[in-house]
Amino acid sequence: MAQDVSIRTASSRSRYAEITQEVVGIPLSYPRWRNWWICFGIALALLLLFFVSAGVLFWNGVGVWGNNIPVNWGIAISNYVWWLGIGHAGTLISAMLLLLNQPWRNALNRFAEAMTLFAVTCAGLYPILHLGRPWRFYWMAPYPNTMNIWPQFRSPLTWDFFAVLTYLTVSILFWYIGTVPDLAASRDRARARFWQVFYGILALGWRGSAIHWARWRQAYRLTAAIAVPLVVSVHSEISLLFAAGPIPGWNSTVFPPYFVLGAAFSGFAVVSMIAIVLRRAFYLQNLVTTRHLDLLGKLLLATGLMTAYGYIVEIYAAYYGGERYEMETLWDRFTGVYAFSYWGAIACNFVPLQLLWLRGARTSPFLLFVISLAVAVGMWFERYMLLVTGLYKDYLPSSWGLYDVSIWEWTLYAGMMGVFFVPFLLLIRFLPMISAFEVKETLYEGKVQHSPSVERTGAERISGHA
Amino acid sequence: MRSSGLHTGDADWIRRHLDGKSGHSFWRGLEELSEAPEFKRLLAAEFPSLAQGPMDFARRDVLKCLGASLVLAGLTGCSEDLNYSVPYVEAPENIIPGRPKYYATAVLMGGYAQPILGETHVGRPTKLEGNPDHPACLGATDAFTQAAVLGLYDPDRSRSLRYMGRPAAWAELDAMLVSQAARLDATAGQGFCLLTGATSSPTMGRQLKALTERWPRARWYIHEPAGEEGRFEATRLAFGQRLEQRFHLDRAEVLVCFDDDVLGPGPKQTYHARGWATRRQAAQRGEGGCKIWVAEPTPSLTGVMASWRAIVAPGRISALVAALASQLGVPSGPAHSLAEEERRWIEGAAVALEAHGGRGLVSVGHQHDPAVQALGLLINAKLGNVGATLTFAEPSLLQASDEGATLPDLVRRMEAGEVSSLAVLDCNPAYTAPADLDFAAAMERVETRFHAGLYFDETAALCQWHAPLKHDLETWSDARAADGLATILQPLIGFSFGGRSQHVILENCLGDVFTEDRAVVAETWRAIWGEPFEERWHSALVAGFIPGSAPPEVVPQFPLESAPPVASVSRAEELTVVVRTDPTVWDGRFANIAWLQELPKPLTKVTWDNVILVSPALAEKLKIETGSEVRLEASGRSVTGPAWVMPGQEQRTVTVFLGYGRTMPGRVMEGTGYDAYRIRTSRETWQFGGARLAPTGKKWQLASTQLHFALEGRDMVRFMPSEEASTKRSGAAQAKGKGAQRETIYPVYDYESPSWGMSIDTDLCIGCNACVVACVAENNIPMVGKEQVAKGREMFWLRVDRYYEGPPEDPRTVFQPVPCMHCEKAPCEMGCPVNATTHSPDGLNQQVYNRCIGTRTCLSFCPYKVRRFNWFDLTGNDPPEIQALRNPDVTVRARGVMEKCTYCVQRIRSAEIQAKIEGRAVRDGEIQTACQQACPTSAIAFGDVADSETIVSRRKASPRDYSLLEEVNTWPRTTYLARIEDETPGNGSKRG
Amino acid sequence: MREPRAYGETLQELYGVMAEFKSPDALKQAVHQARMRGYRRLDAFTPFPVEGLAEEIGFSDWRVPLATLAGGAFGTGLGYGMQVYTNLNYPLNVGGRPIVALSAFMLITFELLVLFAVVFGIGAMLILNRLPRLHHPLFGADRFDTASLDRFFLVIFSDDEKFDARHIQNFLWSLGPERVQTVPSAGGPG
Amino acid sequence: MPQIFTASADTRLRVAVFLLGTGVVGALLFGGGYVNSAYVTRVGWTRHQPVPFSHKHHVGDDGIDCRYCHDKVEVSSEAGLPSTHTCMTCHSQLYTGAPVLAPVRQSFATGEPIRWNRVAKVPDYVFFNHAIHISRGVPCVTCHGRVDQMALTFRAEPFQMQWCLDCHRNPEPHLRPPEMVTRMDWSDWDPDAHKDFGRLAVKAYGIDPRRLDACTVCHR
């Protein structure tokens, strides 16, 4: 086929071309049809489950969940925090590391950012779903209205509303303009008319003019510079959703940094998982190298330890403050009904993590994957623990009560996975999932010793499959 | 947001009507059916509850109310589906749409009148308040009275006359009764028996007198399952005279109760609570004391308020009374040996009583041996309490035709076939008869069985004839209150659900089928008053009672020197069972009233079920816990129900509650609790030994509104030694003290007068729940059912928290009503993203339902967890009756919005508007919140806190004043007064 | 810098002359040479941003950063202004907090700062780059598709005052390119 | 390599973007206009009535005072609609045979109320009280418009929250002498000339605008 030829010639030509072929070749001639369809099928099923659960919820009201008084926020809110936390890693990796001139990020940032987009979408859906009257959610937005009444800007929820909105917009823009040059590459490689037009429009007619590159770089770096504090602010505000209330176990000044670090922690874990899966699935070992895994491992370890520090500070603060309700809540986390979530968080977050001190563990895809998975679960436990232990036992013993997650909350959670994976799968299927041009740039600037492709290159493998 | 119920309710109502259907079928929507009588009859047989008698009430009247209420509906705003309004055809003189009218009348409880002022909106009663002018209640009510209005609208009420279970026409009944009357005239009433519940109605008395005179051989029986016959026995024993004992707790500085729950639920609760509160408040001011000594086997409200509560087996009561008697020099036969604790308690009580001769009172529970009670009376006589704190009078309750006329006797005669015709009037023996009487079987032997009642109940099912009775709020009647004063009952409702009043039914039995209740009642009083009649009649209706109508006081002679010796019965081995009426459904008559079913029992906080109380020790021994199903056996009978481990319960005493496990169909009562009547015998109605308890291994899912009972050493409820409490502190000093606690980095809003606040005196709260039901009735609060309560989703805006402190065997119990605190630094307001809850300039924490989107942040941030959330659409499917019951001044909340206590803002606003129109300021006390108005002990005060002269301000200036969770610094406007700890001589431990 | 009009009167009219190079360094070199020769209207096309290339061509434009700054300022004003205005428009006592709660308002103010800074910055980038531009003469040029792959192009535009196709071609050949070609204005067919 | 897009593609793209933009803005503007349109607020829309009752005739021509029929307006939250009986006080004498009045006579005869279609109504969660407004001198015309000129009655004002608030926040210019509340034509009332009246009325009645826009004044 024509495109095989072109690829062969290309790959025989230069390393630059090879990289592009490897990246762009995936959407152009997709190598893994069967597996992809299986995953996509599952994702679609989950998406359907989401619509069913949401339907049941809207039809009957929040009562179908396990929420009650006092625990009137359930896993809807803890999942919200969890998803958003995961999302942050994408931005951090691409923005922070870009600013820190960590060229190795270039192999990861694209799908990390994509992951951000969909994680934030999932997060953003939860607060709306959990409303008593979801069809009125737009009242959170300030718009001129016949009631002459506005949102209440002292409320953490209003802050969240703006934070999530901003964050979503910025992430989309950041991801998109970062992708445009590779879309141009795809356009130029594509042979089928439809794909030429498809990528052509998305690429906005990018031609790689030096002047364009200069302006592009200004905008891109500035966005990155702003995105980092944005991430911090967003998750700080999420934490205020709890910390702003007078509830023991919530009302703590350590929450904002605690939440931000936790977010990064869980996020890096998920990024590692995705990286490992993708490089395995598409033979990207020489783009996403063991070095990348090693660095991800280190990041994970670092953020993990900082999160652990947050745990310690929390305990310290409670006892240092000596406020009886605080201490009782803390003690209840250790020993109470929901102690499982506390110890679950500790066990999943910090025990396997210690393996990462060893280079061997960091560079072993399997181990790193398992550890990351543990962290993702552990952070879910943590969010759950923070939320429920705060609510179910607060000041007046008379109003204490337990909370059981209902089946419809679980199905909704599973459904959210569908909301996440359907677009994500479409993305890796149809768009270049690695920033080829940046890899080339680094290659040119010789900042990173690129693993010379042993025996056959990924591109050849791919063409072999096509 | 949905319109206040009445609008939608009346909407369908009128719409159906105007579709040209006949009036009497509104309520159930029979209009789809052909008007052909046989078809109707056929269908009615299918759905008896749908059946209606022939034209029950003037259509025109209904239309009046309807029209008017729709006008009202319209302008207070109405839902989209009600897009038209219907004026009167002919406007009635005295009804102003949009303004409630109040009528003085009463509802009945155990035969006694509970005087009320009924609020009606264009002919629909929506709320009952105590009659403020009535000396017996002074405007207060109990929980049952508050809920009575729901009983009126109960959709399950019987609405049609039935013969053999099928709808019949009244004419058929009349024919039967007339012919029967003729037959009975021939035989002087041979074989005719009448069975009623306890009644104090003078009219009833007159009618029955007429009946027995006309038919000397007819007999009239009274069966009141929860009656206190024992007290009359006691007086007969003491003075050979059947007398009513009247406690004047307002004068009793020392009250010694032997297993007698004077403050507990019952027909006289309001009366007693009022009196006690008066005394307690005086004591708070340092004027005399107010101490309660209680010796009881199972916790009671009186016990909770006691200065010294001794836990003793029921069998020990007689011994204790005897011991006290001998202590005070009243001969009482052989002395009994006392345990150390008992001895100390007796000595303490004796000292206190002697110190307060004529200002003390000794009472013995009616369920105890009359001889023991008589001894108690003698002690009172000896102490000079008789005539002071204890007076006697002719019984308010009527007495059956003769001594022997009790239910067992009736059943015996029925079995012997001596009863040819039995008329059961507002009485349900098939359910409430003692287990040793097989009432159902006995009924077989009776030819003509006629039943008249509010429901087609268990007894109705055994009768050929069933006639629906009118509810107290629909009918003309009369009755005597706890203090003996007679009240004339008048209909509150502008239309009728059908049925006839007791008086009319009685007249019918006598063969007069053309009478109506007003005439019957008027006749009674015309006979008593003579002319001029109308004036007195009218003023009696306006006042709500008849001054000076109480039975004359009797000053009895004390013939016997010493009471007959009483033996203390106590089987060491087995358990003693004490039977109690249920604190919320009483003897079962309220079982179908959702407000009372969902109302948490004062001491267990259980809803929708009755439980079997066992002591912690016993529970440990039997390896049972709260909720485990247990089988209780005594003398061959047994009941199976859920155990409840009750702190403060006597070790070997088991308490069962009447009123549940009913078999009659009723969508509310269905499948609730167990039937304790099945273990009760006619000989030992209230307590009996020789019981055995065994777990069945099953569990019951109990729905309790409070899962944690321990104070956990927290200071929600505070105590203060009496000396400190009485020290007067100046308002200024108090204010400074407040300022000290009130720190903020924000600019302080200064609230100008009026600015509302509340003060709740935990020292006066007896946990009776009247406030809770009042709140439900006033604010259209929906009931959610057992499952939802179990999930923690009950909707009460006001809850009465109950805490224990100390050892489970003998804890200190405290009550604390918790409404919204209306914090000035409210976290909830800060949390709301859409300004749905904000602070009003007059200090209210406002909740705007139609703005709320249900983020529930306010609830998360509320330290008191007083907010309630509509998890589902809780009001949409209410039947028209329930919608008609709703308060039109309060929005009916839709699904997904938050709600909470508003300080009854609708009352505040309407009072303000009235004051403005009259060009004056709102007077202190002019605005009463529903809870405050209902409270029989004046524990709740509400008013303008910006004005230092108001009652509430003066209360807040007291040294006992404290805020709940001060440390959270929310600046609550609802504050509490600490409970006063009495120093009890001879008792080591201090008790609140 | 502006490019020449894309569409000439006649098909023959040239858009520019284009040379293709194998490596970024060769391109850099070529650009340098061209500038030395006094050509001002030229541009380079590369598959990835090449450090310093734009500067060689003479790019110095701070409008994108300025736009970002403006956006930030705008967002700040809008955010804070909105909150103050709405609270004064319907002053409500919310939990005893002040009507204008500076500290509480800061968070949303910051969010809007970020939002508008980014939107303005990226917007400015696209506008100044005249993007989107789906049809362009260069797309018609032979082998230009490799500009996104591994080839590096130098184009001298026809509106350079010293423009002379023949001379320029010779000059470009002297820089050791893969190949040199003229690019017609109207681009290829289609 | 051939061009992917024709020369006109850019133009088309720009047009598409432009249309999209205008579409969004247009939608917003339309939405804003719609909620304030008479279609939603029902201002100026007459409704079919069982009897084509003319306020113009009764008020304008005959000069019957509002309170003759709406007699509860001073004492109740409801103004109240006249009973059939009230109608018949006159119409048993006047137009006794008029076909348009047949429904009234029928209602009087059968006791079936007349079913009027509502013109002025606020949502069910709004609690409006006529008595207090009347006693403070807010004339009928302020909310109900010139009914004396309405042949068929229609809603004169959009009963929207902001409309209520306008008056509650600044009552002074809206107050009139209470004894003249039912007067319809206030064209001779010069706001400037009567500035003091409003100010004094507010003072005299102790009307405090700061308290008048609290939520629970209308929502309970």
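Predicted model: local features only at pLDDT ≥ 70, side-chain atom pairs only at ≥ 80, totals over all residues.
Residues are numbered from 1 along each chain as its sequence is written, chains are lettered from A and ligands numbered from 1 in the order in which they are written, and side-chain values use heavy atoms, with hydrogens and water left out.

Let me start with chain B. Its secondary structure comes to 31 helices and 40 strands, where helices (H or I, at least four residues) and strands (E, at least two) are DSSP runs numbered from the N terminus. Of the 992 residues in chain B, 67% are buried; buried means under 20% relative accessible area, exposed means over 50%, and partly exposed lies in between, with a 1.4 Å probe and protein chains only. If we take contacts in chain B (heavy atoms within 4.5 Å) between residues at least 6 apart in sequence, 75% of them join residues at least 24 apart. Chain B exposes about 31300 Å², and carbon and sulfur atoms supply 53% of that area, the accessible areas coming from the Shrake-Rupley method with a 1.4 Å probe and, for residues, only the protein chains shown counting as cover.

Now to the salt bridges. Side chains of opposite charge can pair when their charged atoms come close. The rule used here asks for a side-chain nitrogen of Lys or Arg within 4 Å of a carboxyl oxygen of Asp or Glu, and by this rule there are 89 salt bridges over all chains.

Which side chain does B:Arg667 meet in a salt bridge? The partner is B:Asp156, at 2.6 Å from N to O, and the two residues are 511 residues apart, with B:Arg667 in the loop between strands S26 and S27 of chain B and B:Asp156 in the loop between helix H4 and strand S5. B:Arg667 is partly exposed because its relative accessible area is 48%, whereas B:Asp156, at 16%, is buried.

In another pair, B:Lys268 forms a salt bridge with B:Glu244, with the closest N and O atoms 2.9 Å apart, and here both residues are buried. The side chains of B:Glu342 and B:Arg316 also meet in a salt bridge, at 2.9 Å from N to O. B:Glu342 lies in helix H11 and B:Arg316 in helix H10 of chain B, so this pair ties together parts that are 26 residues apart in sequence. B:Glu342 is buried at 9% relative accessible area, and B:Arg316 counts as buried at 17%. Finally for this chain, a network of salt bridges links B:Lys127, B:Glu129, B:Glu778 and B:Arg907.

Let me turn to the aromatic rings. A pair of aromatic rings is described by the distance of the centres and the angle of the planes. Rings of Phe, Tyr and Trp (its six-membered ring) pair if their centres lie within 6.5 Å, and planes under 30 degrees apart count as stacked, over 60 as edge-to-face and the rest as tilted. The search of the whole structure finds 98 aromatic pairs over all chains.

How are the rings of A:Tyr16 and C:Phe152 arranged? Their centres are 6.1 Å apart and their planes are at 70 degrees, so the pair is edge-to-face. This pair crosses between chains, from helix H2 of chain A to strand S3 of chain C, and both A:Tyr16 and C:Phe152 are buried.

That brings us to the interfaces. Between chain A and chain C, 61 residues of chain A are in contact with 70 residues of chain C, and the two chains bury about 5700 Å² between them, 67% of it on carbon and sulfur atoms; buried area is the accessible area (1.4 Å probe) that two parts lose on being put together, summed over both. On the side of chain A, A:Arg154, A:Arg207 and A:Arg215 lose the most area to chain C, together 16% of what that side buries. The rule finds three salt bridges across this interface.

Between chain A and chain B, about 4300 Å² is buried, 56% of it on carbon and sulfur atoms, and two salt bridges are found across the interface.
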